[in-house]
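Subject: Structure handover

Hello,

Here is the structure I promised you. Please open it next to this email and follow along.

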Amino acid sequence: MTFSLTIETVKGRQLSLVAEAKDALQFRDFEEQSYTRGFQFIAGIDEAGRGPLAGPVVAAAVILPRGFTHAEIKDSKLLSALQREKLAPVIRQESLCWGLGVGEVDEIDRINILQASLLAMVKALAALNSKPDCVLIDGNQPIPGSLFRMGKFSGGRSLYQKTIIKGDQLCISIAAASILAKVARDAMMVELDQQYPEYGFASHKGYSCVAHFEALRRFGPSPIHRKSFKPVREAAPQHKTNGPLFER
């Protein structure tokens with residue numbers, strides 16, 4: 001939410017500033033534009049978990065019915081955990097189909113976090129019951145053909161891709177995907193917390209925070225920490241390399 005200021009002239013030539021609340025961004029009709037171009041199955045896709053020091057990156061793909069709207073759906077980062085938990089089953093029920101894809105920690109360390117995120121998107125597309133012919137992607141990175149082959153998705157060549165910067169704020173199907181991805185990844189981190197309770201994954205979900213850094217210094221990296229990330233390498237001198245730093 002942003003505010004604009006307008007100037008009103010009142011008696012005695014005094015000026016009054018009036019604040020008017022306006023929505024910062026509104027969903028645009030990317031899906032409808034795609035339908036009018038002849039595409040039949042338009043999937044919005046987004047990921048969650050590029051920034052954390054531990055755990056997988058998770059992508060979701062969602063195909064919504066044509067003309068679908070929902071007043072509460074927005075970028076998952078603008079919603080509370082409770083709001084996301086409430087909306088996720090609605091999205092799963094109302095969508096034509098949805099799918100999840102996971103970029104595992106070993107894939108993140110092997111091919112870097114960006115490529116692992118895009119690979120997770122391919123896996124999410126492959127999990128859809130209906131094969132999309134158009135995909136709307138959050139960000140500015142299209143999915144390379146090599147990752148379609150790696151993700152075992154045969155429709156890579158014929159799949160039209162449109163990247164949308166701030167797509168999770170501008171496109172409802174991407175926003176819906178962002179919610180499903182975030183809810184799924186949070187649930188995974190809560191489960192992983194049971195295996196590695198000393199790190200506090202249930203609370204911070206693997207992101208950087210004081211408690212997480214303290215646990216890393218005390219216990220060293222767990223098997224689900226991303227060894228290619230600098231803070232993790234510094235906590236485990238035996239894993240230091242001269243390789244690239246894979247950060248968001």
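Start with one term: two strands pair if DSSP finds at least two bridges between them. Strands themselves (E, at least two residues) and helices (H or I, at least four residues) are DSSP runs, numbered from the N terminus.

Now the ground rules. This is a predicted model, where local features need pLDDT of at least 70 and side-chain atom pairs count only at pLDDT 80 or more, while totals for chains, interfaces and linings use all residues. Residues are numbered from 1 along each chain as its sequence is written, and side-chain values use heavy atoms, with hydrogens and water left out.

**The chain**

The protein chain has 10 helices and seven strands. It has 248 residues, and 47% of them count as buried. Buried means under 20% relative accessible area; exposed means over 50%, and partly exposed lies in between (1.4 Å probe, protein chains only). Contact means heavy atoms within 4.5 Å. Take the contacts in the chain with a separation of 6 or more: 66% of them join residues 24 or more positions apart.

**The sheet**

Which order do the strands of the open sheet follow? There are five strands, in the order β5-β4-β3-β6-β7, and the pairing is mixed. At the edges sit β5 (97–103) and β7 (160–164), each pairing on one side only. From one strand to the next, the twist averages 20 degrees.

Some background: strands of a sheet pair through backbone hydrogen bonds, either parallel or antiparallel. Go through the pairs one by one:

- β3 (residues 42–48) and β4 (residues 57–63) run antiparallel, joined by five bridges. Here E47 stands opposite A59, and D46 has A60 as its bridge partner.
- β4 and β5 also run antiparallel, with seven bridges.
- β3 and β6 pair in the parallel sense over four bridges. G44 has L136 of β6 as its bridge partner.
- β6 and β7 run parallel, with five bridges. V135 stands opposite Q161 in β7.

**Two buried strands**

In a regular strand the side chains alternate between the two faces of the sheet. Look at β4 for this. V57, A59, A61 and I63 point one way, and V58, A60 and V62 point the other way. Seven of the seven residues of β4 are buried, so the strand is largely enclosed by the rest of the structure.

β6 is mostly covered too, with five of its five residues buried. C134, L136 and D138 point one way from β6, while V135 and I137 point the other way.

Is I137 buried or exposed? I137 is buried, with a relative accessible area of 0%. This residue lies in strand β6. I137 and G44 are 93 residues apart in sequence, yet 6.2 Å apart in space, C-alpha to C-alpha. Leave aside neighbours within four places in sequence, and the contacts of I137 include I45, M121, P142 and I174.

**Helix α7**

What does α7 touch in the sheet? It packs on the sheet and touches β3, β4, β5, β6 (134–138) and β7. The direction of α7 makes about 40 degrees with that of β3.

At 9% relative accessibility, I172 counts as buried. I172 and V62 are 110 residues apart in sequence and 9.8 Å apart in space, C-alpha to C-alpha. Beyond neighbours within four places in sequence, I172 is in contact with F27, E31, L64, F68, T69, H70 and I73.

**Helix against helix**

α7 (residues 172–195) also packs with α2 (residues 81–94), at an angle of about 120 degrees and with the axes 9 Å apart. Axes are lines fitted to C-alpha atoms, for helices over the stretch in contact, and angles run from 0 to 180 degrees between N-to-C directions. That angle makes α2 oblique to α7. For the cut-offs, under 35 degrees is roughly parallel, over 145 roughly antiparallel, 65 to 115 roughly perpendicular, and the rest oblique.

Which residues make the contact? From α2 they are R84, E85, L87, A88, I91 and R92. From α7 they are A176, I179, L180, K182, V183 and D186.

Best wishes
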